[in-house]
Amino acid sequence: MSIQDCGTKGRMDTNDSLRVASLWHSMHAISQQLSPVNGCSGIELLEADTFDLHCFQSLPGTKFFVVCEPGTPHMESLLRYIYELYTDYVLKNPFYEIEMPIRCELFDINLTQAVQSDRVALLGR
Amino acid sequence: MIGVGKMKQYSNVLDKPLSKGKQEVSLTAFSFLFSELVQYNQTQVDNIAELERRLEDAGYAVGARVLELLCNREKGNRRETRLLGILSFVHSTVWKVLFGKIADSLEKGTEHEDEYMISEKELLVNRFISIPKDMGTFNCGAFVAGIVKGVLDNAGFPAVVTAHFVPIEGQQRPRTTILIKFADEVNAYITLFHSLFLKLWDKTLTFDTCSAFFHPFCNRCLKERHG
């Protein structure tokens with residue numbers, strides 16, 4: 001599990017981030033069971049008053065989620081792009097151990113570049 | 001069977017011509033394989049210097065084979081005898097075949113006579129690799145340094161080759177430089193040829209002509225010319 005804080009509005013400290021992540025993991029699993037429709041893959045979007053939470057689950061089960069302001073567009077494509085960055089700069093790095101927090105310089109650099117507001121619109125393809 | 005007559009059947013597999021083969025390999029596949037090579041070697045060693053040594057040895061084997069293959073394929077089995085020749089062979093041909101492009105630059109070192117540097121903005125093998133802070137100046141480009149060493153040693157130009165990160169102002173990521181330091185024997189060969197040449201030819205030949213004909217990087221020529 002690894003958390004990146006790229007926002008300008010609010011900041012989550014480490015404890016809060018961990019709390020959100022573990023809560024989300026359980027909620028995601030429960031929602032898969034609760035669904036009235038068969039073959040549900042879990043929660044994709046959580047809309048609240050002050051924030052939106054988009055979630056993307058990859059085929060092996062790794063979950064990427066982003067907490068953003070309500071109504072921010074192109075979050076799904078951003079998540080998909082982040083997944084690409086993950087497979088490139090984290091999984092191909094011989095110094096990264098699976099399941100450990102991500103400390104890869106290239107991943108961080110590309111992630112901050114992707115999240116800059118003017119770039120996110122470009123991802124909406 | 002349809003089509004079987006079209007291909008010439010070779011009775012001996014050694015008679016078959018060496019094909020150029022598929023020119024491209026998936027970068028992802030190579031990255032995973034290289035990552036596994038590094039991880040495996042990490043489990044076998046105790047410190048970083050040994051890890052570098054292991055990667056260099058792995059590259060050495062590649063370099064030796066690449067030299068043989070390229071001499072046959074690209075140069076028609078001609079042996080390179082000049083220092084500049086073998087350096088530009090590494091810088092262009094070897095790089096083109098292995099990494100799909102020629103190296104960014106080839107420079108002569110300013111501090112020592114027999115040092116040369118091949119620079120690259122980012123080595124292909126390092127494309128997806130981020131070195132953790134606690135590993136200091138370790139560079140997985142040691143593999144590529146090993147390849148260059150393999151080529152040079154087997155071509156008759158023994159050298160010590162290392163890979164270094166060189167930080168550049170204004171850029172986040174440092175450049176990589178492959179530093180080649182030729183052994184003393186190489187210097188000796190050049191000086192030997194130089195003296196032989198002078199004895200055989202008219203001594204009034206200027207050093208300029210001599211160097212232009214023979215070896216542009218001869219140390220004695222440079223010393224006579226520049227004092």
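I looked up polar contacts between chain B and chain A of this predicted model and noted four residue pairs, both residues at pLDDT 80 or more. A polar contact is a pair of N or O atoms within 3.5 Å; within protein, one must be able to donate a hydrogen and the other to accept it, and residues adjacent in sequence count only if both atoms are side-chain atoms.

For the contact (heavy atoms within 4.5 Å), I noted 19 residues from chain B and eleven residues from chain A.

Over all chains, I found ten salt bridges. One entry joins the side chains of B:Asp114 and B:Lys181, at 3.7 Å, N to O. B:Asp114 sits in the loop between strand E1 (105-108) and strand E2 (115-120) of chain B, and B:Lys181 in strand E4 (residues 175-182) of chain B, so this pair ties together parts 67 residues apart in sequence. Strands (E, at least two residues) are DSSP runs, numbered from the N terminus.

On conventions, I note that residues are numbered from 1 along each chain as its sequence is written, and chains are lettered from A in the order in which they are written. Local features need pLDDT of at least 70, side-chain atom pairs count only at pLDDT 80 or more, totals for chains, interfaces and linings use all residues, and side-chain values use heavy atoms, with hydrogens and water left out.

Note on methods: A salt bridge is a side-chain nitrogen of Lys or Arg within 4 Å of a carboxyl oxygen of Asp or Glu. Helices (H or I, at least four residues) and strands (E, at least two) are DSSP runs, numbered from the N terminus.
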